[in-house]
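I opened this notebook to record what I looked up in the structure, entry by entry.

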Amino acid sequence: MQSTPLYQQHEALGARFTEFGGWTMPVQYSSIIEEHHTVRFRAGLFDLSHMGEVAVQGPQALEVVQQLITNDASRLRDGQVLYTPVCLPSGGILDDILVYRLGKESFLLVVNAANTAKDWQWIREVNSGRAVLENQSAATGLLALQGPKSADVLAELTPFDLDLLYYYECVQTDVAGVTILLSRTGYTGEDGFEIYVPVEKLQRLWHAIYEVLVRNQGLPVGLGARDTLRLEMGYALYGNELSESITPLEAGLAWTVAFHKPSFIGHEKLRQQAVAGVMRRLTGFEMVERGIARSHYPVYIGEKRVGEVTSGAPSPSLDKNIGMAYLPVSYRQPGNELEVEIHRRRRKATVVKIPFHPSSVRRRSHAI
Amino acid sequence: MYPEELRYAKSHEWTRVDGNVATIGITFHAQDEIQEVVYVELPEVGSIFTKGEEFGVIESVKAAFDLYAPISGEVVAINEGLEEHPEWINESPYEDGWMLQIQMSDPVELEDLMDAEAYRQMLDSGESL
């Protein structure tokens, strides 16, 4: 089991830990519910140093990235970020990642912790010597600062004018005197930032941000609240909603599949599926009867078992029990009834639209 | 944290005996492991359980935990306040957070439960949920 360089800080802050993707990570410091609300209303600081980072550089970097991903990285300018699946030839999702364009011939791929090893192997295989690859995962720490007050917190620590940075944009700058890569990205639906830092500077950066954070009534936040925050936004989590047997079209990620690209891995199968139509689609629901739906609980329409819950939890912001499941496409209209088997009893739920909770990210209103 | 007058099950339920009726809840240790309780599901009055049988579920934001009857008998009362106030289990595990009252069918089973000292020892030896 791996742990991040901040393990002792987390322990000193009273964190409880959980295993996630081969890592021991804080699941909560004070209370999942309190941490959740703190991110929605103020600001929360996350240690995400378990995530993987792979640099792709050189004259053929773009060509390699374009082959790897379903979305279109040729649309990116320097300082822009893209969310995309990485698919297998089958169309199944190997991982979902962020692509940072740092320069014309310099890209950074940010991958899920549990997938870092298999992604690295896959990327090397696809690359076959064309671009210069570097697995920077072990050398890179990652903090996320999320919530409506996160820009106020960060502004105290950086000379960079944060008003210039919009959602899914990045810049190399200083925070607390440390040179970092800063992006206006996150997994909570709130305004916020992710900060990539060399591991040897991670503790210094954490302490500097933490100090300003607590003065602004912010809190450190664990993976427990990270999960309820992302679930309220309907964001897919690899291993729950996404896997090698699910395609982006099924997962509601058709917007990330750039069929106009001449080719990418999975293109053919995904095109076939797009033409034939998908059978199932990721769908949100909320419980009508008492009970909390959890991952893997069976889902029924009438007497027919149609699938299982991918993620489910009580929603602190909505004060309802919500979840997601793959349902037949014909059955996705909001208001449709379904049942979830919870503790050996079927309980009524109803289809609702995703996101469950509105997003508050800071989008650039028009292209520049 | 572990009142002397209670009896304790390995599965972390406590039992308070009054005549032939046993009041049941979960221990300080159990609620602390579970953390914030957001949901409790209890059986109906009149349900009959044998010792060791699952009688309900308690849930935090993250996970569900089964509850097991420490003693056999018929449920004669449930704590209805917990539906609205599951947090009572965290705030007051031995008083406001009680869950069931069972009319015992075989009080001899009480001998299988631990006293506070034995339960503390079990926790110290590293047994968790």
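**Entry 1. Conventions.** I note that this is a predicted model, in which local features need pLDDT of at least 70, side-chain atom pairs count only at pLDDT 80 or more, and totals for chains, interfaces and linings use all residues. Residues are numbered from 1 along each chain as its sequence is written, chains are lettered from A and ligands numbered from 1 in the order in which they are written, and side-chain values use heavy atoms, with hydrogens and water left out.

**Entry 2. Chain A overall.** I looked up the secondary structure and found eight helices and 20 strands in chain A. Helices (H or I, at least four residues) and strands (E, at least two) are DSSP runs, numbered from the N terminus. I then checked the radius of gyration, which is taken over C-alpha atoms and compared with a globule rule of 2.2 Å times the number of residues to the power 0.38. For 368 residues a compact globule would have a value near 21 Å, and chain A, with 20 Å, agrees. Along the principal axes, the C-alpha atoms of chain A fill a box of roughly 60 × 50 × 45 Å.

I recorded that 59% of the 368 residues in chain A are buried. Buried means under 20% relative accessible area, exposed over 50%, and partly exposed in between (1.4 Å probe, protein chains only). The accessible surface of chain A is about 15200 Å², and carbon and sulfur atoms account for 51% of that surface. These areas come from the Shrake-Rupley method with a 1.4 Å probe; for residues, only the protein chains shown count as cover. Of the contacts (heavy atoms within 4.5 Å) in chain A between residues at least 6 apart in sequence, 66% join residues at least 24 apart.

**Entry 3. The barrel.** Which strands close into a barrel in chain A? I found six, in the order S15-S18-S17-S16-S19-S20, with antiparallel pairing. Two strands pair if DSSP finds at least two bridges between them. The twist from one strand to the next averages 45°. Axes are lines fitted to C-alpha atoms, for helices over the stretch in contact, and angles run from 0 to 180 degrees between N-to-C directions.

Strand S15 (residues 280-287) of chain A is joined to S18(A) by seven bridges, and the two run antiparallel. Within S18(A), A:Ile322 is the bridge partner of A:Glu286. Helix H7 (residues 223-232) of chain A packs on this sheet, touching S17 and S18, and its direction makes about 120° with that of S17(A).

**Entry 4. The open sheet.** I noted a three-stranded open sheet in chain A, ordered S1-S3-S2, with mixed pairing. Its edge strands are S1 (2-3) and S2 (16-20), each pairing on one side only. Five bridges link S2(A) with strand S3 (residues 23-28) of chain A in the antiparallel sense, and A:Thr18 stands opposite A:Met25 in S3(A). H7(A) lies across S2 and S3 of chain A, running at about 70° to S3(A).

**Entry 5. Strand S5.** Strand S5 (residues 52-57) of chain A has five of its six residues buried. S5(A) pairs antiparallel with strand S8 (residues 106-111) of chain A over six bridges, and A:Ala55 has A:Leu108 as its bridge partner there. S5(A) also pairs antiparallel with S9(A), over four bridges; here A:Val54 stands opposite A:Asn135.

**Entry 6. Backbone exceptions.** Most residues other than glycine have a negative phi, and most peptide bonds are trans. I listed A:Ser128, with phi near 35°, in the loop between helix H4 (116-127) and strand S9 (132-135) of chain A. A:Ser128 counts as exposed because its relative accessibility is 56%. A:Asp319 has a positive phi of about 55° and is in the loop between strands S17 (304-315) and S18 (320-328) of chain A. With 72% relative accessibility, A:Asp319 also counts as exposed. A cis peptide bond, with omega about 0°, joins A:Ile354 and A:Pro355; A:Pro355 is in the segment after strand S20 (345-352) of chain A.

**Entry 7. B:Asn79.** Is B:Asn79 buried or exposed? I found that B:Asn79 counts as buried, because its relative accessibility is 7%. The residue lies in the loop between strand S8 (73-78) and helix H2 (81-84) of chain B. Beyond its neighbours within four places in sequence, B:Asn79 touches residues including B:Leu42, B:Trp88 and B:Met99. Its side chain reaches the backbone oxygen of B:Trp98 at 2.8 Å, and a polar atom of that side chain lies 2.8 Å from the backbone oxygen of B:Asp96. The C-alpha atoms of B:Asn79 and B:Trp98, 19 residues apart along the chain, are separated by 6.5 Å.

Methods:
Polar contact = N/O pair within 3.5 Å; in protein donor to acceptor, adjacent residues only side chain to side chain.
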